[in-house]
Amino acid sequence: MIATAMVILIALGAYQLAQGLPSLFGRPAPAWQTEETLDGTQESLDGLDLGDSQAPASVTVVPDDAAETPNSDAIPGSPQPRAAPRAGGQHRSAALTAVAFALAQRGKPYIWGGNGDPGFDCSGLTKAAYAAAKIALPRTAQDQYDYGPLLPAGAALRPGDLLFFGTPDNIHHVGISLGGTLMINAPTFGQTVRVQDYRNASDYAGSSRPAG
């Protein structure tokens, strides 16, 4: 009897561990992010003004602990919240470079914990996209949400804004806005990096503008 109980407890513990592991990188996207055809998507992409931004052939990822705006009260090495972004061309250039990089990854497979070779998970894509713009983001979706700076509710989205899904304390997915209602993201297992309409999500949690 005792042996049977121990086997059950071990099995339950293994199941809970398996359920919790994806939170290290941002849990798989919910069921709303399935294969779909978006009317007008290509037209919207064709109309997206990327200026001279280009996705570089190679990316040097800046370490997380090199993030700006240090906080003396924070744990050393932890990602630091950002102040409100500065206006002007520097922000636009960085944001559009991130968008251009992400769009160039379309078709790559979703790989949990992936950083681009051979594919990405959701926060791996956003981190790599902003690394292309010389901006360091934390690795996980939750940490990217906490890193900010968060936009006010109802603020108009710009290309390059990060879109978060879940709850403030349990962010499980992140994508990059293309402006309007479209985003580029690495959805979930068995899918590829693609453009989707974020309005199909029932748990949109807010957005941030990391390119200061």
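**Fold, cores and aromatic pairs of the predicted chain**

In the protein chain, 66% of the contacts with a separation of 6 or more are accounted for by residues 24 or more positions apart. The structure described here is a predicted model, and its protein chain contains 5 helices and 5 strands. Read from the N terminus, these elements follow the order α-α-α-α-α-β-β-β-β-β. The protein chain has 212 residues, 46% of which count as buried, and its accessible surface comes to about 10,900 Å², with 57% of that area belonging to carbon and sulfur atoms.

The largest nonpolar core comprises 33 residues, and within this core Phe120, Tyr130, Leu162, Ile176, Leu178 and Ile184 touch the most other members. Two or more residues are given to this core by each of the helices α3 (89-104), α4 (122-131) and α5 (141-147), and likewise by the strands β1 (162-167), β2 (170-177) and β3 (182-185). The largest share, 7 residues, is provided by α3. Apart from this core there is a second, separate one of 7 residues, which includes Leu163, Phe165, Tyr198 and Ala201.

Aromatic side chains form 5 pairs in the structure. In one of these, the ring centres of Tyr110 and Phe189 lie 5.0 Å apart and the ring planes stand at 70 degrees; since planes over 60 degrees apart count as edge-to-face, the pair of Tyr110 and Phe189 is therefore edge-to-face. Tyr110 is found in the loop between α3 and α4, whereas Phe189 is found in the loop between β3 and β4 (194-197), so the pair ties together parts that are 79 residues apart in sequence.

Although Cys122 and Pro187 are 65 residues apart along the chain, their C-alpha atoms are separated by 6.5 Å.

Notes:
Residues numbered from 1 in each chain as written. Predicted model: local features only at pLDDT ≥ 70, side-chain atom pairs only at ≥ 80, totals over all residues. Heavy atoms only, no water. Helix = DSSP H or I, 4+ residues; strand = E, 2+ residues; numbered from the N terminus. Buried < 20%, exposed > 50% of the residue type's maximum accessible area, 1.4 Å probe, protein only. Contact = heavy atoms within 4.5 Å. Areas by Shrake-Rupley, 256 points an atom, 1.4 Å probe, with all protein chains shown as cover. Core = buried A, V, L, I, M, F, W, Y, C linked by side-chain atoms within 4.5 Å. Phe/Tyr/Trp six-rings, centres within 6.5 Å; stacked < 30°, edge-to-face > 60°.
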